[in-house]
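Here is a short briefing to read beside the model.

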Amino acid sequence: MATQTLARLTPTQVDAFWRDGYLALPNFLSDDDVATLSASMDAMDRWVQTHEHPDVQREPNALHTDRVAIRKISHIHLNGGVIWDELMRRDEVLDIMEDLMGPDIRFHHSKMMVKPPFEGSLKPWHQDLPEGFITHEEADRLRPWGTDLQPEQVPIIAIQYYLDDSTLENGCIQVVPGSHRRGLFEDPLHEWRIDPSETVAAEFEAGGALLFHCLTWHYSAPNTSPNGRRGVVYEYMAPATGVELSYMGGRELGWGMPLRSPG
Ligand SMILES: O=C(O)CCC(=O)C(=O)O
């Protein structure tokens, strides 16, 4: 796996993100990053075998009873220790967020999404905005707007980094390009909305990263392969226009923390 010299996004990449609602950044993390973060995840995985933790969600489709399979670890920037906090604050990442949404950048939340071999379950088609960023009342207010809800009004962007190769077989994220310009829908999305000819599989080698907007339709399939897939998500936001964002009581978890300010 190659490592990449990090650089600001090009205008073409910025345009592609706002046109498609997502952007692929292959080879974003260095080999050292992947090794260090993987070792930390391995240590958490060992700990979870003998301990319960409210932020650790177990795999609901687990085939084994002899070992705990992790599906999700919430607030990984807190639970995982300093390297996960450092990744959240990293200048190269904030530079990219600044290229996409300007210099006033706040953190929203983090989570590790795991798809254990053969038993990793699917995440249904959804948009992130109604899943923790706005109240139900605000979602009810925004849905009738349809395409009048512009993605630029709600600059909330996720980056998911892959510690393993992420493929169709092990449940990579799939997206519908341009779906962030269709408005806000029910959560999760009705399956009938998805036209398979429109979907794109965001496959990566370990170290790659995917950026996606909070209105972009996305999904990840069950893991039917012998290869696990660990993908850590950090969500960032800039001030919204005409939309009331909510931290859902997550302030003490770092939600809303300013990471970069104008000037
Ligand atoms: O990693 C996955 O499988 C799904 C992640 C996702 O859908 C999300 O972070 O919104």
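Two strands count as paired if DSSP finds at least two bridges between them. By that rule, β6 and β11 pair in the antiparallel sense over seven bridges, and Ile159 of the pairing stands opposite Tyr234 in β11. This is a predicted model.

**Strand β6**
- Strand β6 spans residues 156–162. It is mostly covered, with seven of its seven residues buried.
- Ile156, Ala158, Gln160 and Tyr162 point one way from β6. Ile157, Ile159 and Tyr161 point the other way. Both sets are buried.
- β6 also pairs with strand β9 (residues 209–213), antiparallel, over five bridges. There, Tyr161 has Ala209 of β9 as its bridge partner.

**Nonpolar core**
- The largest nonpolar core has 63 residues. Those that touch the most other members are Tyr22, Met97, Leu129, Ile157, Ile159, Leu210 and Leu211.
- Strand β6 gives the largest share of this core, six residues.
- What does Leu129 contact, leaving aside its neighbours within four places in sequence? The partners are Ile134, Val154, Ile156, Leu184, Cys214 and Leu215.

**Strand β4**
- Strand β4 covers residues 105–115. It is largely enclosed by the rest of the structure, because 11 of its 11 residues are buried.
- β4 and β11 pair in the antiparallel sense over eight bridges. Met113 stands opposite Gly231 in β11.
- Strand β3 (residues 70–74) pairs with β4 over three bridges, again antiparallel. Ile73 faces Met112 of β4 in that pairing.
- Strand β12 (residues 258–260) joins β4 through two bridges, in the antiparallel sense. Ile105 has Arg260 of β12 as its bridge partner.

**Open sheet**
- Four strands make an open sheet in the order β5-β10-β7-β8, with antiparallel pairing.
- Which strands sit at the edges? They are β5 (123–126) and β8 (200–201), and each pairs on one side only.
- Inside this order, strand β7 (residues 173–175) and β10 share three bridges, antiparallel. Val175 has His218 of β10 as its bridge partner.

**Ligand shell**
- The residues around the ligand are Met113, Lys123, Asp128, Ala158, Gly171, Ile173, His218, Ser220, Gly231 and Val233.
- Two elements give two or more residues to this shell: β10 (218–220) and β11 (229–237).
- By class, the shell has four nonpolar, four polar and two charged residues.
- Met113 and Gly231 stand opposite each other. His218 is the partner of Val175. Ala158 is one of the buried residues of β6.

**Ile173**
- Ile173 lies in strand β7 and is one of the residues around the ligand.
- Is Ile173 buried or exposed? It is buried, because 26 other C-beta atoms lie within 10 Å, and the cut-off for burial is 20 or more.
- Leaving aside its neighbours within four places in sequence, Ile173 is in contact with Gln160, Ala202, Leu210, His218 and Ser220.
- Ile173 and Asn79 are 94 residues apart in sequence. In space, they are 24 Å apart, C-alpha to C-alpha.

Conventions. Residues are numbered from 1 along each chain as its sequence is written. This is a predicted model: local features need pLDDT of at least 70, side-chain atom pairs count only at pLDDT 80 or more; totals for chains, interfaces and linings use all residues. A nonpolar core is a set of buried Ala, Val, Leu, Ile, Met, Phe, Trp, Tyr and Cys residues joined through C-beta atoms within 7 Å. A residue is buried if 20 or more other C-beta atoms lie within 10 Å of its own, exposed if 12 or fewer, and partly exposed in between; C-beta atoms are placed from the backbone. Two residues are in contact if their C-beta atoms, placed from the backbone, lie within 7 Å. A residue is near a molecule or strand if its C-beta atom, placed from the backbone, lies within 6 Å of it. Ala, Val, Leu, Ile, Met, Phe, Trp, Tyr, Cys and Pro count as nonpolar, Asp, Glu, Lys and Arg as charged, and the others, Gly among them, as polar.
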